[in-house]
Amino acid sequence: MKRDIFQAIADPTRRAIIALVAIQAMTPNAIAAHFDTSRQAVSKHLRILAECELVQQEQKGREIYYTLEIEKMKEIDEWLEQYRKIWESRFEQLDTLLAELKQQNKKERKI
Amino acid sequence: MKPAEVGTPSDREVLIKRSFDASVNLVWQAYTDPALMRRWLTAMPGWSMPVCDMTTDVGGQYRWRWRDDANGVEFGFTGEMLEVEPHSKIVHTQIYDPGTMGGSMGDGASIITVTFNETDGITNVATLIKFASKADRDAAVSTGMTDGMEMSYKQLDEELSVMNTRTPVV
(Lines give C-alpha, C1' and ligand atoms only; values in the text may rest on other atoms or scores of the structure.)
Protein backbone atom coordinates (compact mmCIF):
# COMPACT_ATOMS: atom_id res chain seq x y z
CA MET A 1 0.00 0.00 0.00
CA LYS A 2 1.23 3.46 -0.89
CA ARG A 3 1.15 5.63 2.20
CA ASP A 4 0.29 9.29 2.03
CA ILE A 5 3.13 11.64 2.81
CA PHE A 6 0.85 14.26 4.42
CA GLN A 7 -0.61 11.62 6.70
CA ALA A 8 2.93 10.72 7.66
CA ILE A 9 3.88 14.21 8.77
CA ALA A 10 0.52 14.90 10.46
CA ASP A 11 1.54 12.70 13.43
CA PRO A 12 3.47 14.50 16.20
CA THR A 13 5.70 11.50 17.04
CA ARG A 14 6.64 11.08 13.40
CA ARG A 15 7.39 14.79 13.14
CA ALA A 16 9.67 14.44 16.18
CA ILE A 17 11.41 11.45 14.55
CA ILE A 18 11.93 13.49 11.37
CA ALA A 19 13.49 16.27 13.47
CA LEU A 20 15.86 13.74 15.11
CA VAL A 21 17.08 12.00 11.95
CA ALA A 22 17.40 15.36 10.18
CA ILE A 23 20.39 16.06 12.42
CA GLN A 24 22.15 12.69 12.18
CA ALA A 25 21.68 9.08 11.12
CA MET A 26 20.23 7.07 14.01
CA THR A 27 19.45 3.45 14.89
CA PRO A 28 15.87 2.51 15.88
CA ASN A 29 17.05 1.98 19.48
CA ALA A 30 18.64 5.41 19.68
CA ILE A 31 15.45 6.96 18.27
CA ALA A 32 13.24 4.99 20.67
CA ALA A 33 15.29 6.31 23.62
CA HIS A 34 13.86 9.77 22.91
CA PHE A 35 10.25 8.65 23.37
CA ASP A 36 8.12 7.20 26.16
CA THR A 37 6.31 4.92 23.70
CA SER A 38 7.39 1.32 23.15
CA ARG A 39 10.17 0.36 20.77
CA GLN A 40 7.48 -1.42 18.72
CA ALA A 41 5.47 1.77 18.32
CA VAL A 42 8.59 3.63 17.19
CA SER A 43 9.32 0.85 14.67
CA LYS A 44 5.83 1.23 13.26
CA HIS A 45 6.33 4.99 12.84
CA LEU A 46 9.69 4.35 11.14
CA ARG A 47 8.07 1.86 8.78
CA ILE A 48 5.42 4.42 7.76
CA LEU A 49 8.10 7.08 7.22
CA ALA A 50 10.12 4.62 5.11
CA GLU A 51 7.07 3.68 3.02
CA CYS A 52 6.56 7.38 2.27
CA GLU A 53 10.25 7.60 1.35
CA LEU A 54 10.71 10.28 3.97
CA VAL A 55 13.51 8.28 5.63
CA GLN A 56 16.11 5.94 4.21
CA GLN A 57 17.56 2.84 5.84
CA GLU A 58 21.27 2.17 5.72
CA GLN A 59 22.89 -1.03 6.91
CA LYS A 60 26.16 -0.36 8.76
CA GLY A 61 27.63 -3.56 10.19
CA ARG A 62 24.94 -5.17 12.30
CA GLU A 63 22.97 -1.96 12.80
CA ILE A 64 20.37 -0.25 10.63
CA TYR A 65 20.59 3.53 10.53
CA TYR A 66 17.79 5.87 9.51
CA THR A 67 18.48 9.13 7.70
CA LEU A 68 16.15 11.84 6.41
CA GLU A 69 15.29 11.93 2.71
CA ILE A 70 15.90 15.67 2.43
CA GLU A 71 14.60 16.19 -1.13
CA LYS A 72 11.26 14.60 -0.29
CA MET A 73 10.91 16.75 2.82
CA LYS A 74 11.79 19.86 0.81
CA GLU A 75 8.86 19.32 -1.58
CA ILE A 76 6.35 19.52 1.26
CA ASP A 77 8.22 22.30 3.01
CA GLU A 78 8.22 24.47 -0.09
CA TRP A 79 4.48 24.04 -0.53
CA LEU A 80 3.74 24.89 3.10
CA GLU A 81 6.26 27.73 2.97
CA GLN A 82 4.20 29.32 0.20
CA TYR A 83 1.12 29.17 2.38
CA ARG A 84 3.09 30.66 5.25
CA LYS A 85 4.47 33.47 3.07
CA ILE A 86 1.18 34.47 1.49
CA TRP A 87 -0.74 34.32 4.77
CA GLU A 88 1.92 36.07 6.82
CA SER A 89 2.02 38.84 4.25
CA ARG A 90 -1.79 39.17 4.44
CA PHE A 91 -1.71 39.06 8.22
CA GLU A 92 0.87 41.84 8.37
CA GLN A 93 -1.54 43.99 6.37
CA LEU A 94 -4.28 42.92 8.77
CA ASP A 95 -2.08 44.01 11.74
CA THR A 96 -1.82 47.47 10.19
CA LEU A 97 -5.57 47.65 9.55
CA LEU A 98 -6.41 46.52 13.10
CA ALA A 99 -4.07 49.15 14.57
CA GLU A 100 -5.92 51.78 12.51
CA LEU A 101 -9.34 50.54 13.64
CA LYS A 102 -8.16 50.65 17.28
CA GLN A 103 -6.98 54.22 16.85
CA GLN A 104 -10.31 55.23 15.27
CA ASN A 105 -12.29 53.66 18.12
CA LYS A 106 -10.20 55.59 20.67
CA LYS A 107 -10.90 58.87 18.92
CA GLU A 108 -14.62 58.15 18.72
CA ARG A 109 -14.72 57.42 22.42
CA LYS A 110 -13.11 60.81 23.21
CA ILE A 111 -15.76 62.74 21.25
CA MET B 1 2.95 39.13 16.85
CA LYS B 2 4.57 35.80 16.09
CA PRO B 3 4.56 34.87 12.39
CA ALA B 4 1.85 32.55 11.08
CA GLU B 5 2.25 28.85 11.89
CA VAL B 6 1.38 26.39 9.13
CA GLY B 7 0.82 22.69 9.73
CA THR B 8 -0.86 19.62 8.24
CA PRO B 9 -3.18 18.09 10.86
CA SER B 10 -4.22 15.37 8.39
CA ASP B 11 -3.61 14.25 4.82
CA ARG B 12 -6.33 16.55 3.47
CA GLU B 13 -5.92 19.58 5.70
CA VAL B 14 -3.71 22.63 6.09
CA LEU B 15 -3.97 24.64 9.33
CA ILE B 16 -2.79 28.26 9.57
CA LYS B 17 -2.61 29.90 13.02
CA ARG B 18 -1.88 33.50 13.90
CA SER B 19 -2.54 35.87 16.81
CA PHE B 20 -3.52 39.54 16.56
CA ASP B 21 -3.09 42.38 19.03
CA ALA B 22 -6.75 43.40 18.86
CA SER B 23 -10.14 42.45 20.29
CA VAL B 24 -12.16 39.75 18.55
CA ASN B 25 -14.69 42.49 17.80
CA LEU B 26 -12.23 44.31 15.51
CA VAL B 27 -10.80 41.13 13.97
CA TRP B 28 -14.32 39.97 13.15
CA GLN B 29 -15.02 43.31 11.47
CA ALA B 30 -11.87 42.96 9.33
CA TYR B 31 -12.95 39.44 8.30
CA THR B 32 -16.56 40.21 7.44
CA ASP B 33 -16.72 43.78 6.07
CA PRO B 34 -15.80 43.55 2.35
CA ALA B 35 -14.37 47.09 2.30
CA LEU B 36 -11.97 46.15 5.12
CA MET B 37 -11.35 42.63 3.82
CA ARG B 38 -9.99 43.81 0.46
CA ARG B 39 -7.43 45.97 2.26
CA TRP B 40 -5.60 43.00 3.72
CA LEU B 41 -6.60 39.87 1.78
CA THR B 42 -4.58 40.86 -1.29
CA ALA B 43 -0.98 40.53 -0.13
CA MET B 44 0.57 39.71 -3.46
CA PRO B 45 2.85 42.56 -4.43
CA GLY B 46 1.53 44.28 -7.56
CA TRP B 47 -1.89 42.60 -7.36
CA SER B 48 -5.17 44.35 -6.59
CA MET B 49 -8.50 42.90 -5.51
CA PRO B 50 -11.11 44.31 -7.92
CA VAL B 51 -13.90 42.02 -6.66
CA CYS B 52 -14.63 41.34 -2.99
CA ASP B 53 -18.33 40.52 -2.75
CA MET B 54 -19.31 38.71 0.39
CA THR B 55 -22.07 38.26 2.89
CA THR B 56 -22.27 36.84 6.39
CA ASP B 57 -25.68 35.26 5.77
CA VAL B 58 -25.68 31.47 5.94
CA GLY B 59 -26.30 30.15 2.43
CA GLY B 60 -25.02 33.41 0.92
CA GLN B 61 -22.43 33.43 -1.86
CA TYR B 62 -19.12 35.23 -1.96
CA ARG B 63 -16.74 36.09 -4.78
CA TRP B 64 -13.13 37.18 -4.50
CA ARG B 65 -11.02 38.06 -7.51
CA TRP B 66 -7.45 39.29 -7.74
CA ARG B 67 -5.72 41.02 -10.66
CA ASP B 68 -2.05 41.32 -11.55
CA ASP B 69 -1.97 45.03 -12.39
CA ALA B 70 1.13 44.55 -14.55
CA ASN B 71 -0.55 42.28 -17.14
CA GLY B 72 -4.27 42.11 -16.27
CA VAL B 73 -4.17 38.39 -15.39
CA GLU B 74 -6.95 37.45 -12.96
CA PHE B 75 -7.96 34.55 -10.73
CA GLY B 76 -10.21 34.16 -7.75
CA PHE B 77 -12.30 32.10 -5.38
CA THR B 78 -16.04 31.67 -5.03
CA GLY B 79 -18.10 29.80 -2.49
CA GLU B 80 -20.98 29.64 -0.08
CA MET B 81 -21.26 30.56 3.60
CA LEU B 82 -22.12 27.37 5.51
CA GLU B 83 -21.92 28.52 9.13
CA VAL B 84 -21.56 31.95 10.71
CA GLU B 85 -21.28 32.39 14.48
CA PRO B 86 -20.56 36.07 15.21
CA HIS B 87 -17.17 36.68 16.87
CA SER B 88 -16.40 32.99 16.89
CA LYS B 89 -16.61 31.01 13.66
CA ILE B 90 -17.04 31.18 9.88
CA VAL B 91 -17.30 28.07 7.69
CA HIS B 92 -17.45 28.40 3.92
CA THR B 93 -16.85 26.40 0.77
CA GLN B 94 -14.14 27.52 -1.63
CA ILE B 95 -13.86 26.85 -5.35
CA TYR B 96 -10.91 28.04 -7.38
CA ASP B 97 -11.86 30.36 -10.24
CA PRO B 98 -8.98 30.12 -12.75
CA GLY B 99 -10.00 33.41 -14.45
CA THR B 100 -7.42 34.22 -17.10
CA MET B 101 -4.60 32.69 -15.06
CA GLY B 102 -5.63 29.09 -15.58
CA GLY B 103 -4.45 26.18 -13.47
CA SER B 104 -6.64 23.92 -11.41
CA MET B 105 -7.15 23.15 -7.76
CA GLY B 106 -9.18 20.01 -8.34
CA ASP B 107 -12.90 19.55 -8.99
CA GLY B 108 -14.33 19.56 -5.48
CA ALA B 109 -14.94 22.48 -3.14
CA SER B 110 -12.56 22.94 -0.23
CA ILE B 111 -14.10 23.68 3.16
CA ILE B 112 -12.57 26.62 5.02
CA THR B 113 -13.16 26.92 8.76
CA VAL B 114 -11.99 30.10 10.48
CA THR B 115 -12.24 30.24 14.27
CA PHE B 116 -11.71 33.32 16.46
CA ASN B 117 -10.77 33.25 20.11
CA GLU B 118 -9.90 36.22 22.31
CA THR B 119 -7.76 36.00 25.46
CA ASP B 120 -6.63 39.15 27.30
CA GLY B 121 -7.11 41.39 24.27
CA ILE B 122 -5.21 39.06 21.93
CA THR B 123 -7.28 37.32 19.26
CA ASN B 124 -6.15 33.91 18.01
CA VAL B 125 -7.34 33.03 14.53
CA ALA B 126 -7.12 29.49 13.15
CA THR B 127 -7.81 28.85 9.45
CA LEU B 128 -8.36 25.23 8.49
CA ILE B 129 -8.38 24.40 4.77
CA LYS B 130 -9.88 20.99 4.08
CA PHE B 131 -9.48 19.73 0.53
CA ALA B 132 -12.32 17.69 -0.99
CA SER B 133 -9.97 14.81 -1.75
CA LYS B 134 -6.29 13.88 -1.77
CA ALA B 135 -6.33 14.35 -5.55
CA ASP B 136 -7.53 17.94 -5.08
CA ARG B 137 -4.85 18.57 -2.51
CA ASP B 138 -2.24 17.26 -4.92
CA ALA B 139 -3.66 19.54 -7.63
CA ALA B 140 -3.25 22.47 -5.25
CA VAL B 141 0.30 21.40 -4.46
CA SER B 142 1.40 21.05 -8.05
CA THR B 143 -0.50 23.82 -9.83
CA GLY B 144 -3.07 26.51 -9.13
CA MET B 145 -2.50 29.69 -7.28
CA THR B 146 0.72 28.69 -5.59
CA ASP B 147 2.51 29.04 -8.94
CA GLY B 148 1.15 32.54 -9.32
CA MET B 149 2.18 33.44 -5.81
CA GLU B 150 5.65 32.12 -6.28
CA MET B 151 5.91 34.22 -9.43
CA SER B 152 4.83 37.40 -7.63
CA TYR B 153 7.31 36.78 -4.84
CA LYS B 154 10.10 36.23 -7.34
CA GLN B 155 9.13 39.53 -8.96
CA LEU B 156 9.27 41.23 -5.59
CA ASP B 157 12.68 39.72 -4.84
CA GLU B 158 13.91 41.02 -8.17
CA GLU B 159 12.47 44.47 -7.61
CA LEU B 160 14.05 44.62 -4.17
CA SER B 161 17.44 43.58 -5.46
CA VAL B 162 17.22 46.23 -8.20
CA MET B 163 16.30 48.82 -5.59
CA ASN B 164 19.24 47.78 -3.45
CA THR B 165 21.77 48.12 -6.23
CA ARG B 166 20.40 51.44 -7.49
CA THR B 167 22.44 54.48 -6.52
CA PRO B 168 20.37 56.76 -4.35
CA VAL B 169 19.26 59.95 -6.07
CA VAL B 170 20.14 62.95 -3.97
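Q: How many bridges join β1(B) to strand β2 (residues 13–20) of chain B, and in which sense do the two strands run?
A: Strands of a sheet pair through backbone hydrogen bonds, and the pairing may be either parallel or antiparallel. In this predicted model, β1(B) is joined to strand β2 (residues 13–20) of chain B by four bridges, and the two run antiparallel. To find the pairing on the screen, look for S10(B), which stands opposite E13(B) in β2(B).

Q: How many bridges does β3(B) share with strand β4 (residues 61–68) of chain B, and how many link β4(B) to strand β5 (residues 74–85) of chain B?
A: Five bridges join β3(B) to strand β4 (residues 61–68) of chain B, and these two run antiparallel; within this pair, C52(B) has W64(B) of β4(B) as its bridge partner. β4(B) then pairs with strand β5 (residues 74–85) of chain B over seven bridges, again in the antiparallel sense, and here the bridge partner of R67(B) is E74(B) in β5(B). The hairpin of β4(B) and β5(B) has five residues between the strands, and in it G72(B) takes a positive phi near 80°.

Q: Where does P50(B) lie, and which residues does P50(B) touch, leaving aside those up to four places away in sequence?
A: In a regular strand the side chains alternate between the two faces of the sheet. P50(B) is found in strand β3 of chain B, and, when residues up to four places away in sequence are not counted, P50(B) touches R65(B) and R67(B). P50(B) counts as partly exposed because 13 C-beta neighbours lie inside 10 Å.

Q: What is the phi of E53(A), and what is that of H87(B)?
A: Most residues other than glycine have a negative phi. E53(A), a residue other than glycine, has a positive phi near 60°, and its place is in the loop between α4 and β1 (55–60) of chain A. H87(B), also a residue other than glycine, has a positive phi near 65° and lies in the loop between β5 and β6 of chain B. E53(A) is partly exposed, with 13 other C-beta atoms within 10 Å, and H87(B) counts as partly exposed with 15 C-beta neighbours inside 10 Å.

Q: At what angle do the axes of helix α2 (residues 12–23) of chain A and helix α4 (residues 39–51) of chain A cross?
A: A crossing is read from the angle and from the approach of the two axes. The axes of these helices of chain A, α2 and α4, come within 10 Å and cross at roughly 75°, and therefore α2(A) and α4(A) are roughly perpendicular to each other. On α2(A) the contact is made by T13(A), R14(A) and I17(A), and on α4(A) by H45(A), L46(A), I48(A) and L49(A); the residues of this contact of α2(A) with α4(A) divide into four nonpolar, two polar and one charged.

Q: Why does the end-to-end distance of helix α5 (residues 70–110) of chain A agree with its number of residues?
A: At 1.5 Å a residue, the 41 residues of this helix should span 60 Å, and its end C-alpha atoms are 58 Å apart, which agrees. The buried residues of α5(A) are Y83(A), K85(A), I86(A), W87(A), S89(A), F91(A), L94(A), L97(A) and L98(A).

Q: How many residues does each of chain A and chain B bring to the contact?
A: Chain A gives 24 residues to the contact and chain B gives 28 residues. On the side of chain A that touches chain B, α1 (5–10) and α5 of chain A each supply at least two residues, and the largest share, 19 residues, comes from α5(A). The residues of that side of chain A divide into 13 nonpolar, four polar and seven charged.

Definitions and conventions:
Residues numbered from 1 in each chain as written. Chains lettered and ligands numbered in written order. Predicted model: local features only at pLDDT ≥ 70, side-chain atom pairs only at ≥ 80, totals over all residues. Expected span 1.5 Å × (residues − 1). Buried ≥ 20, exposed ≤ 12 C-beta atoms within 10 Å, placed from the backbone. Contact = placed C-beta atoms within 7 Å. Nonpolar A, V, L, I, M, F, W, Y, C, P; charged D, E, K, R; others polar. Axes fitted to C-alpha atoms, helices over the stretch in contact; angles between N-to-C directions. Parallel < 35°, antiparallel > 145°, perpendicular 65-115°, else oblique. Pairing = 2+ DSSP bridges.
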